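Here is a short briefing on one structure. Points are grouped by topic.

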Amino acid sequence: MHLLKRNGVEVKNTQRVQSLNVLHRHAPDWPSFQRHLEFRLSKRSYRDRGQARLGLGDIIDILREEHGIDGPKDLFTEVCTARPEVIKTLEANGMLIRTHLQIKPIEAAHA
C-alpha cells in the first residue's frame with residue numbers, strides 16, 4: 001500500500017531494515033480524518049480488496065452500521081489518542097517509542 005517515493009517516483013533500490021521505526025498517520029485529529037474517510041473507503045487504503053479477512057474498511061462499515069458516525073469516531077479516538085492509561089500500558093510492555101521529530105528540517109532537506 002505505502003511505497004517509498006522521491007519526487008513522485010517509486011524508489012526501487014530499497015531494502016528492509018528491521019530496526020527502523022516508521023511513523024505514519026492519516027490525520028492529526030477526528031475532523032481531518034472524517035473529511036477524508038469517504039474517499040479512503042471508496043478509492044484508497046480502506047477499500048475492499050477482496051480479502052478473506054476483515055479489513056479496516058469492513059470494520060468501519062460495521063461500526064457505522066451499528067453506531068452511526070460515533071462508531072468510526074470512537075475507533076479513531078481509541079487508536080489515535082494518547083490517553084494516560086494507554087501510554088502506561090504501552091510503556092509497561094516495552095512498546096512505547098518516544099522521540100523528538102524534527103519535521104521542518106527533514107522536509108527542507110528533501111524538498
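Asn7 is exposed, with a relative accessible area of 69%; exposed means over 50%, buried under 20%, partly exposed in between (1.4 Å probe, protein chains only). The model is predicted: local features need pLDDT of at least 70, side-chain atom pairs count only at pLDDT 80 or more, and totals for chains, interfaces and linings use all residues. Residues are numbered from 1 along each chain as its sequence is written, and side-chain values use heavy atoms, leaving out hydrogens and water.

**Asn7 and its loop**
- Asn7 sits in the loop between β1 (5-6) and β2 (9-10); strands are DSSP runs (E, at least two residues) and helices likewise (H or I, at least four), numbered from the N terminus.
- Its phi is near 55°, a positive value in a residue other than glycine.

**Helix α1**
- Helix α1 covers residues 30-42, 13 residues in total.
- At the start of α1, a side-chain oxygen of Asp29 comes to within 2.9 Å of the backbone nitrogen of Ser32.
- Ser32 is also among the buried residues of α1, as are Trp30, Phe33, Leu37, Arg40 and Leu41.
- The cover over these buried residues includes α2 (56-67) and α3 (70-80).

**α2 against α3**
- The axes of α2 and α3 come within 6 Å and cross at roughly 125°; axes are lines fitted to C-alpha atoms over the stretch in contact, with angles from 0 to 180 degrees between N-to-C directions.
- The contact (heavy atoms within 4.5 Å) involves Leu56, Ile59, Ile60, Leu63, Arg64 and His67 of α2.
- On α3, Asp70, Gly71, Pro72 and Leu75 take part.

Definitions and conventions
Expected span 1.5 Å × (residues − 1). Polar contact = N/O pair within 3.5 Å; in protein donor to acceptor, adjacent residues only side chain to side chain.
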